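Have the structure open while you read, and look up each residue as it comes along.

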Amino acid sequence: MKLAALALALVYAAVPSPSFASAVTAPAQSEARVSVTWVGPREGIDAAERATAERVERIGAELAQGRTETLTLADLFAPPGAARAVAYVDLREEGIARVYVIDPERERIFMRTLHGGERLDAVVVDELAHVLGSSFEVLLTGGELGVSRAEAQRALEEALGSENKEDPPEAKEPTEETATPPPTSPPAEEPVAPVRPRPWVGADGGYRFRALASRAWLHGPTVAIRGGIVRGRVSLGGSLEGTYYVPSPEVANDELGLRLTGGDVSLAFRAAFQVAPVVLVGVEAGPVLSLLSDRTRVLNDRAEAFAPQLRVASSGRLALGLDIVLGGPARLVLGLHGTLDAEIAGHVYQTADTSTVVLDPWPVQPGAALRVGGAFDLPRGR
């Protein structure tokens, strides 16, 4: 009996208790756990939550999100629980998003202010997800972020209001070896890595109109592929577009009637600026190569029709456009563009025998283009 009791005691001693096991595994579970709390009402928080979740998922962290109506200094300095990093996004002030990322382990706070509109549009949502994801990544990989609680005190009181003022935390008496003078002007913000450009590609179809002269104009369908990068509210990119011109209305004098058909290929470089959540205003410029076939019809016995020829015309195109962009990473684009084609090398259409001009195209030809298409963001590295 004594031997059995002794064996049983050894078995129980070798098996760790539940409380001991949880104490061992709890730190490992919290190492990659982060949390975000969205403060105040603002249209677009749902999209911001999704974008943040996607960004945090890419760094392999476990995310908890919540919402509240108030935020005080006590919340920012409260014990963090099991999370490795704690963030609050204060949306109570219209047009401003204040980001606070807390490092509980080192008792440091990172602060960042983003400016936008009444709602969280796609640009602000992307910036918020980037700032939160980058901050979490720094902390989860052992980096240091932000300033100490004492250094952040004044900036936090100004941002959260005078009712949140409190005495600074009592600091420990430093030893002679570690004593350092306090900073004279504590920084309110410490930037993280800048927002990286977001690449995108797209394709569209449309219809183009181009006036050659007062009585002559071309029109036809277009197709294009486009691409570029977006950084903040600015978009830079380019496009390759082809247009097929259906037979034009007849241009005639007393001797001949003339119709044109053909097409052109254009290469454009574009810069656009977001003036509203779904509205872009942009300018495009680039070369155009046109191939036009002429066909004539004799109107009296004195004239002689010239044989159809494929003629080359080159020009430079300047376009000013307005685009309506609907959607998020994959979006619908509706555009209206006004154009000016400055002809570099063209052709005057006239009769061979009498040299009577049938069509003398303008050196600068106005036009317009309608387009509808789609665009989507390309993945970018962390």
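1. Start with the sheet. Six strands make up an open sheet, and their order across it is β2-β1-β3-β4-β5-β6. The pairing is mixed. At the edges sit β2 (62-68) and β6 (147-148), each of which pairs on one side only. Keep in mind that what you are looking at is a predicted model.

2. Now for the helices that lie on the sheet. Helix α3 packs on it and touches β1 and β2, with a direction at about 160° to that of β2. Helix α5 also packs on the sheet, touching β1, β3, β4 and β5. The direction of α5 makes about 10° with that of β4.

3. Next, pick out strand β3, residues 85-90. How many of its residues are buried? The count is six of six, so the strand is mostly covered, buried being under 20% relative accessible area. Both faces of β3 are covered. Ala 85, Ala 87 and Val 89 are buried on one side, and Val 86, Tyr 88 and Asp 90 are buried on the other.

4. Have a look at the neighbours of β3 too. Strand β1 (residues 33-39) is joined to β3 by six bridges, and these two run parallel. Within that pair, Val 39 stands opposite Asp 90 of β3.

5. How do you get from β3 to β4? The two strands form a hairpin, with five residues between them. Gly 95, in the turn, has a positive phi of about 80°.

6. A positive phi turns up again at Glu 107, this time in a residue other than glycine, at a value near 55°. Where does Glu 107 lie? You'll find Glu 107 in the loop between β4 (96-103) and β5 (108-115). Is Glu 107 buried or exposed? Glu 107 is exposed, with a relative accessible area of 58%.

7. Back to the two helices, this time to see how they meet each other. In general, a packed pair of helices is described by the angle between the axes and the distance between them. For α3 (residues 45-58) and α5 (residues 122-140), the angle is about 35° and the axes are 9 Å apart. The crossing of α3 past α5 is right-handed.

8. Which residues of α3 meet α5? They are Ala 47, Ala 48, Ala 51, Thr 52, Arg 55 and Val 56. Among the residues they meet in α5 are Val 125, Ala 129, Leu 132 and Phe 136. Sorted by class, the contact between α3 and α5 has eight nonpolar, four polar and two charged residues.

9. Last, a word on confidence. The chain has an average pLDDT of 80, and 78% of the residues score at least 70. Confidence is highest in strand β9 (residues 234-245), at a mean of 96, and lowest in helix α2 (residues 18-30), at 37. Over residues 166-172 the pLDDT is below 50, and that stretch has eight contacts in the model beyond near neighbours in sequence. Residues 174-193 also stay under 50, with 22 contacts beyond four places in sequence.

Technical notes. Residues numbered from 1 in each chain as written. Predicted model: local features only at pLDDT ≥ 70, side-chain atom pairs only at ≥ 80, totals over all residues. Heavy atoms only, no water. pLDDT = per-residue confidence, 0-100. Helix = DSSP H or I, 4+ residues; strand = E, 2+ residues; numbered from the N terminus. Contact = heavy atoms within 4.5 Å. Buried < 20%, exposed > 50% of the residue type's maximum accessible area, 1.4 Å probe, protein only. Pairing = 2+ DSSP bridges. Axes fitted to C-alpha atoms, helices over the stretch in contact; angles between N-to-C directions. Left-handed = near helix turned anticlockwise from the far one by under 90°. Nonpolar A, V, L, I, M, F, W, Y, C, P; charged D, E, K, R; others polar.
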